Amino acid sequence: MAIFREFAQLCEEIEKESGKKEKARLIGEFLRQLSPEEGRIASHLFLGSFPAGRRIFVSWNTLMDTLGEMFPLSPKDLQKIGKSAVDIGEMVEGIYKRWGRYKSRGITIREIYEKLASLAELEGKGAMRKRKTILKGLLVGMDSLEAKYLTKTIVGEMRIGVKEGMVLEGLAYAVGISIGEVRKGFLLYGDIGKTVENFLSKGRTALLSLSLKPFQPLQPMLAQMAYSVREAFEEIEGDLALEFKYDGARVQIHKEGDKVMIFSRHLNDLTSSFPEVVEEVKSNIKGDAILEGEVVAVKEGRFMPFQEILRRVTRKREITRMQREIPLKLFLFDCLYADGESLIERSYEERWERLREIKGGIALAERIVPEDVEKGEEFFRKALESGAEGVMAKALKGIYTPGSRGKLWLKVKKSATLDLLIIGAEWGYGRRHNWLSDYHLACWDREKRELLMVGKTFKGLTDEEFEEMTKRLLSLKVREEGKVVYVKPEVVVEVAFNDIQRSPRYKCGYALRLARILRIREDKRPEEADDLSAVEKIYHSQ
Ligand code: AMP
């Protein structure tokens with residue numbers, strides 16, 4: 001709970017600080033620790049515009065009368081002190097320090113808000129007396145610093161050099177998003193308190209949900225890795241559901257009236273690659289919607305490898321032949337918008353319900369809400385037997401957080417894998433002598449923004465893939481030293497391994513044992529490769 005005295009202390013610091021950036025940072029640090037509701041209150045307090053849009057009706061005279069009742073000061077004394085004061089807050093602080101016998105009782109900013117709100121509501125006969133009583137009630141439980149800032153708030157002049165723009169800067173800092181996005185949110189919410197409250201509770205989602213509409217794709221929500229179903233249960237707060245994790249292409253489907261568009265994970269337009277999905281959506285979904293799902297290649301009842309889907313995406317001209325050769329199946333798993341309403345702030349539980357209502361005959365991802373870990377592990381085995389890659393564990397109460405890899409969704413695969421960047425490769429021997437084959441694999445150290453090598457492998461690719469990869473890596477070459485060709489880190493590969501060992505061989509102190517490439521992650525950008533913490537996590541979970 002935010003204590004008003006801490007707020008007052010912070011105001012002192014802000015006032016002394018001359019740099020605008022530094023002032024905003026101080027505000028941000030403070031906002032970051034608050035609940036969304038407290039954030040709303042604090043933002044009004046910083047600006048002395050409290051309570052929002054209402055007038056408190058405490059005049060200078062009322063304030064002086066109240067102080068007169070609390071301290072051994074005649075009206076004449078007060079008048080004299082008042083005349084020489086530049087700032088009423090400092091004047092009150094001076095009085096407290098000179099004649100002070102009151103101690104802080106640690107009032108919270110919420111209590112202050114409630115009390116001042118009640119002041120604003122007083123009207124009619126006796127209102128003046130009641131105002132004084134409330135004010136005195138507040139002031140006798142305060143020390144000089146609190147009294148100083150309470151008075152400043154009441155008169156609406158903080159004089160600490162904080163304007164609305166600076167509170168927004170602090171908010172951007174607290175939430176970790178750009179000031180541009182926060183300003184846009186402010187324009188749409190129209191009120192500083194509401195803006196702060198919404199961004200603190202929903203992060204970037206606060207903005208998106210306001211502007212969400214069909215044909216404006218949004219960054220998909222991402223998942224972190226869990227190393228077992230049990231770990232998913234431990235990591236996710238509250239109840240969870242498990243869904244099959246299909247090995248296909250993620251699609252974001254937008255529909256309005258008769259028009260349907262399909263976007264990829266990186267928001268590229270895939271509409272013309274998947275005509276049968278467009279038709280399926282048109283004939284099943286009645287209203288407007290934004291849906292998410294996975295499109296999988298299926299032949300004779302079996303899931304085909306992920307690469308098959310890629311062929312459907314890359315060979316656009318031969319689409320009719322491709323449709324025959326690589327039949328698709330769509331599994332829906334989320335509903336982000338339906339009939340004019342954004343659902344991303346709703347819980348996953350509610351979104352799933354809505355999805356069930358509107359899906360018509362389209363398949364949903366196979367799913368259970370397991371009662372316990374054992375039931376979850378049973379479902380995980382079933383997923384693997386059916387040819388799925390594993391399961392996705394999703395917090396029932398979780399909102400949809402676009403573009404972020406949080407703990408509301410966790411992926412559990414058969415064995416842990418890492419998505420690593422190829423930073424170099426070595427010319428092969430014998431049969432491989434024309435190919436770059438021994439790949440140097442690296443993960444990120446995100447803080448230092450550098451790549452750390454964690455292993456090498458020449459296993460896992462087909463001859464055709466080796467040939468392709470050699471061409472690709474040579475086009476990314478930056479230098480050659482002995483038999484090693486160093487390349488621009490652009491290619492992400494999913495790597496399996498037997499275990500991770502502590503090893504002095506690499507700077508990061510870890511090495512993958514018996515690494516092999518499972519597949520080339522064409523769908524991942526370099527910055528999406530795993531970082532050292534993922535390596536450490538697997539090491540400790542072994
Ligand atoms: P990864 O690409 O390994 O980070 O795993 C996340 C991806 O799994 C998502 O981007 C989807 O393409 C895919 N996926 C498959 N099935 C599901 C599902 N039921 N829910 C969410 N994502 C899924």
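Which helix holds both Glu308 and Arg311, and how many residues apart are they? Select residues 306–314 to find out: this is helix H16, and Glu308 and Arg311 lie three residues apart in it, about one turn of the helix. Helices here are DSSP runs of H or I with at least four residues, strands are runs of E with at least two, and both are numbered from the N terminus.

Before moving on, a note on what you are viewing. This is a predicted model, in which local features need pLDDT of at least 70 and side-chain atom pairs count only at pLDDT 80 or more, while totals for chains, interfaces and linings use all residues. Residues are numbered from 1 along each chain as its sequence is written, and side-chain values use heavy atoms, leaving out hydrogens and water.

**Stop 1: helix H16**

Show the side chains of Glu308 and Arg311. They form a salt bridge, with the closest N and O atoms 2.9 Å apart; the term means a side-chain nitrogen of Lys or Arg within 4 Å of a carboxyl oxygen of Asp or Glu. Glu308 is buried at 18% relative accessible area, whereas Arg311 is partly exposed at 26%. Buried means under 20% relative accessible area, exposed over 50%, and partly exposed in between, using a 1.4 Å probe and protein chains only.

**Stop 2: helix H3**

Now select residues 36–47. The 12 residues of H3 should span 16 Å at 1.5 Å a residue, and the end C-alpha atoms are 17 Å apart, which agrees; the expected span is 1.5 Å times one less than the number of residues. Because 10 of its 12 residues are buried, H3 is largely enclosed by the rest of the structure. To see what covers them, display helices including H1 (4–16), H2 (20–32) and H7 (109–121).

Arg40 is buried, at 19%, and Glu37 is partly exposed, at 28%.

**Stop 3**

Finally, select Asp247 and Arg519, which are joined by a salt bridge of 3.0 Å, N to O. This pair links distant parts of the chain, 272 residues apart: Asp247 is in the loop between strands E2 (240–245) and E3 (249–256), and Arg519 is in strand E20 (residues 516–520). Asp247 is partly exposed, with 21% relative accessible area, while Arg519 is buried at 10%.

If you want to keep exploring, the whole structure has 57 salt bridges.

Terms used:
Contact means heavy atoms within 4.5 Å.
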